[in-house]
Amino acid sequence: MMVKVSSATLVGIESYPVVVEVDVARGLPQFSTVGLPDAAVKESKDRIRAAIRNSGYSFPRNHVTVNLAPADIRKEGTGFDLPIALAVLSAEGVIPGDGARDYMLMGELSLDGTVKGVNGVLSAAQLARNLNFRGLVVPEENASEAAMVQGIEVIAIKTLPEIVDYFNGVGDIHPVSSSSERFWERSPRAGGDFREIRGQDQAKRAMEIAAAGGHNLLMIGSPGSGKTMLAERLPSILPPLTFEEAVEITKIYSVAGLLDREEVLIGSRPFRAPHHTISDAGLVGGGQNPRPGEISLAHHGVLFLDELPEFRKNALEALRQPLENGSVTVTRASMTASFPSRFMLVAAMNPCPCGYHGDPGRSCRCSPRQIRQYQARLSGPLLDRIDIHVLVSSVKYRELTGPYSGESSKVIAERVLRARKKQQGRMAGSGTLCNARLPDRQIHDFCALDEDSHRLLEMAMERLGLSARAFTRILKVSRTIADLEECESIATRHVAEAIQYRSLDSYRI
């Protein structure tokens, strides 16, 4: 007898439907799985056999063949344990053959029949709703995550006998409420307060501009000047997440297995700070079975790369595509996976190997050749994609010992939010939410300059040798500075300030 039940598999962060076909036929006792299963799926036969027997049911002493269709998509993970077990029990007549027809099932089985949580349930719930399934059967610990998707019943179970009784009409299981808004509580702003930073007025101004326009930022300064402290406080002035953004981030963390089961929905912008020894796959995503990398885990948030020149050159160059497109595509022989990666890049670096080139208080021990080699680790195309370069000088003693004098994160965040709303109103209907993502075709409309500004920018391009990409970055930063001042048009002072944030173009030796 053959039985079919429905499940799903992950490709990237999206779920694809999988039909689990189980055929129980006469023959020597054997359990085989086909349909491009990975090692975890192949091992499921022992878990399923033990779970069925320890739940009080008999396992067929015949030839059991499991096919996971379509057979050209690789299946991975332990989420197929539950649908295969139910299909086997249906073939044995324990539950009606079509009892699970209207449901999609996911779950890992313990040897005693307990159903354990799996990754990617939020994505599967969206798929089940889009395919008009009546409900989704998931482990209890995944129930709140799945319930964020409206328009579908979520059946949460603890053990295999519970779902068997439910499909036989004798179970007392009620669908979990699917009101997603009840999970939506924005987390408090993280990362400390800008008021705690002594001095560094220019760097804090650059941070505000970067937050207001979603611009990438690079800080150059000697060790101990406060670059990391500045970066860690950037999330405290970013606009709050929208519900749609929170769902996107939660889906990525669910697929990566990093979702806190208690939090359910991530309500604050991610801040990721990987070490410079990270591999290429760890940074941009990949592996034999592609998984999200740090740039995807920083989606709608901040990716902080400290000691930028120390990162592997291949890893840094791999950032170029996601910085432009907001996504990264990982191609393997058997599959291609795309991961969203629309993040703010905030990087920090020393000006030279010893760290004190240009520092007025310390002498540099590096030769000009060493400095050139160190700075050359960052390619021109990568630097062109970083909108703002700012020099972070050492903090003086009086600034360290004096009272706090800067603005709080709350005050700065209010200005940033007003600027963001101004941008969204100007670009309504275009799908662009901030100036940093402004398409080239709209730059002429929204970043028009007067004659004086044109002359100033032309002179800067000739003296600094700026590329066409750097030219558009300056225009976008100028537009953001004008938005912070609530000006409708870009003035010469806005362009002048944007030009000074190309420090590395003139700082190199």
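A: Accessible surface first: the protein chain has about 22000 Å². Carbon and sulfur atoms account for 48% of that. Keep in mind that this is a predicted model.

Q: What share of the residues counts as buried?
A: 54% of the 509 residues in the protein chain.

Q: And what box do the C-alpha atoms fill?
A: Roughly 85 × 45 × 45 Å, taken along the principal axes.

Q: How many helices and strands?
A: The protein chain has 22 helices and 16 strands.

Q: Of the contacts between residues at least 6 apart in sequence, what share joins residues at least 24 apart?
A: That share is 74% in the protein chain.

Q: Let's do charges. How many salt bridges are there?
A: The structure has 28. One of them pairs Lys-4 with Glu-21, at 3.9 Å from N to O. Lys-4 sits in strand E1 (residues 2-11) and Glu-21 in strand E2 (residues 14-25). The two are 17 residues apart, and the pair links distant parts of the chain.

Q: Is Glu-21 buried or exposed?
A: Buried, because its relative accessible area is 19% and the cut-off is under 20%. Lys-4 is partly exposed at 48%.

Q: Which salt bridge involves Arg-49?
A: Arg-49 meets Asp-46, at 3.5 Å from N to O. Both residues lie in helix H2 (residues 44-54). They are three residues apart, about one turn of the helix.

Q: What does Arg-385 form a salt bridge with?
A: With Glu-324. The closest N and O atoms are 3.5 Å apart. Arg-385 is in the loop between helix H15 (380-384) and strand E16 (388-392), and Glu-324 is in helix H13 (residues 320-325), so the pair ties together parts 61 residues apart in sequence.

Q: Which of them is buried and which is partly exposed?
A: Arg-385 is buried, with a relative accessible area of 9%. Glu-324 is partly exposed at 36%.

Q: Which residues are in the salt-bridge network with them?
A: Asp-387, Arg-469 and Arg-473 are linked with Glu-324 and Arg-385 in that network.

Q: Switching to helix packing. How do H4 and H9 cross?
A: Their axes cross at roughly 120 degrees and come within 7 Å. H4 covers residues 121-130 and H9 covers residues 243-256.

Q: Which residues meet there?
A: From H4, Val-121, Leu-122, Ser-123 and Gln-126. From H9, Val-247, Thr-250, Lys-251 and Ser-254. By type, the contact divides into three nonpolar residues, four polar and one charged.

Q: What about H3, how many of its residues are buried?
A: Eleven of its eleven residues, so "mostly covered" applies to helix H3 (residues 81-91), given the cut-off of under 20% relative accessible area. Among the buried ones are Asp-81, Pro-83, Leu-86 and Ser-90.

Q: What comes just after H3?
A: Gly-93, which takes a positive phi of about 85 degrees.

Q: On to strands. Where do the E12 side chains point?
A: Val-302 and Phe-304 point one way from strand E12 (residues 302-305). Leu-303 and Leu-305 point the other way. All four are buried.

Q: Which strands join E12?
A: Strand E11 (residues 271-272) joins E12 through two bridges. Strand E15 (residues 344-349) joins E12 through four bridges. E11 and E12 run parallel, and E12 and E15 also run parallel.

Q: Which residues are the partners?
A: Phe-271 has Val-302 as its bridge partner in E12. Leu-305 stands opposite Ala-347 in E15.

Q: Last one: where is Ser-110?
A: In the loop between strand E6 (108-109) and strand E7 (115-116). Ser-110 is buried, at 19% relative accessibility.

Q: What is Ser-110 in contact with, leaving aside neighbours within four places in sequence?
A: Arg-47, Ala-51 and Lys-116.

Conventions:
Residues numbered from 1 in each chain as written. Predicted model: local features only at pLDDT ≥ 70, side-chain atom pairs only at ≥ 80, totals over all residues. Heavy atoms only, no water. Salt bridge = Lys/Arg side-chain N within 4 Å of Asp/Glu carboxyl O. Buried < 20%, exposed > 50% of the residue type's maximum accessible area, 1.4 Å probe, protein only. Axes fitted to C-alpha atoms, helices over the stretch in contact; angles between N-to-C directions. Contact = heavy atoms within 4.5 Å. Nonpolar A, V, L, I, M, F, W, Y, C, P; charged D, E, K, R; others polar. Areas by Shrake-Rupley, 256 points an atom, 1.4 Å probe, with all protein chains shown as cover. Pairing = 2+ DSSP bridges.
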